[in-house]
Amino acid sequence: MSTQQDTVSSVVRQWQAVRPDIDTAPMEIIGRINRCAALLQQAEDAPLRHAGLTRAEFDLLGTLRRTGRELTPGDLARETFSSGAAVTKRLKQLQERGLVARRGDTRDRRVSHLSLTDEGRTLVDEILPRQLAYESTVLAGLDGGKGDELGLLLGELLSQLEGRLGGSRVV
């Protein structure tokens, strides 16, 4: 059992009291990852909220910006680990705000190609540095290279999961 004193430590102690025959070590990692994700989602990413965007909307805009090319809704769904329906809904809102442009395919009318408008590109370029500064503040308590170490360990775990599960939507 870990020496950390957090919510997961308490849960692990409770399980060990009622089921001492079960190894709760995986819970210490997976439980903490899940708890961190929930707390980070609750924080609602202040710079994004200030711009009137959700994390999921910003992920779509950021994907269009970082790839630097037109993408289909299916491409965006794969890149952001989102469902097609969720992407369609978000794209409609972003298009209504003038941040995303849609162009029909000349060969297949069922396909559309999406790109950032100038306003969308400007918004992403303005928000990204503030969002990264916010995320750095969230991680500031990890000193002495611990953030780098955590990033490497999480990268290893993610690679394992993506390899084992074929890159399916695990997150």
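This is a predicted model: local features need pLDDT of at least 70, side-chain atom pairs count only at pLDDT 80 or more; totals for chains, interfaces and linings use all residues.
Trainee: Is the chain a compact globule or more spread out?
Mentor: Start with the folding pattern. The chain has eight helices and two strands. For 171 residues the globule rule gives 16 Å, but the radius of gyration is 20 Å, well over that value, so the chain is more spread out than a compact globule.

Trainee: What box do the C-alpha atoms fill?
Mentor: Take the box along the principal axes. Its dimensions are roughly 65 × 35 × 25 Å.

Trainee: Which element gives the largest share of the nonpolar patch?
Mentor: The patch covers about 740 Å² of surface, and its residues include I29, I30, L139 and L154. Two elements give two or more residues each: α2 (25–43) and α8 (146–164). Four residues, the largest share, come from α2.

Trainee: Why is I30 classed as partly exposed?
Mentor: I30 sits in helix α2. Partly exposed lies between the buried cut-off, under 20%, and the exposed cut-off, over 50%. I30 falls in that range because its relative accessible area is 45%.

Trainee: What span should helix α4 have, and how far apart are its end C-alpha atoms?
Mentor: Helix α4 holds 13 residues, 55–67. At 1.5 Å a residue, the helix should span 18 Å. The end C-alpha atoms agree, being apart by 18 Å.

Trainee: Which residue follows α4, with a positive phi?
Mentor: Within α4, the buried residues include F58, L61 and L64. They belong to a buried set that packs against several elements, among them α3, α6 and α7. After the helix, phi is positive, near 70°, at G68.

Methods:
Residues are numbered from 1 along each chain as its sequence is written. Side-chain values use heavy atoms; hydrogens and water are left out. Patches are made of residues with over 30% relative accessible area and no salt bridge: like charges are joined within 9 Å, nonpolar side chains (Val, Leu, Ile, Met, Phe, Trp, Tyr) within 5 Å. Accessible areas come from the Shrake-Rupley method with a 1.4 Å probe; for residues, only the protein chains shown count as cover. A salt bridge is a side-chain nitrogen of Lys or Arg within 4 Å of a carboxyl oxygen of Asp or Glu. Buried means under 20% relative accessible area, exposed over 50%, partly exposed in between (1.4 Å probe, protein chains only). The expected span of a helix is 1.5 Å times one less than its number of residues. Contact means heavy atoms within 4.5 Å. The radius of gyration is taken over C-alpha atoms; the globule rule is 2.2 Å times the number of residues to the power 0.38.
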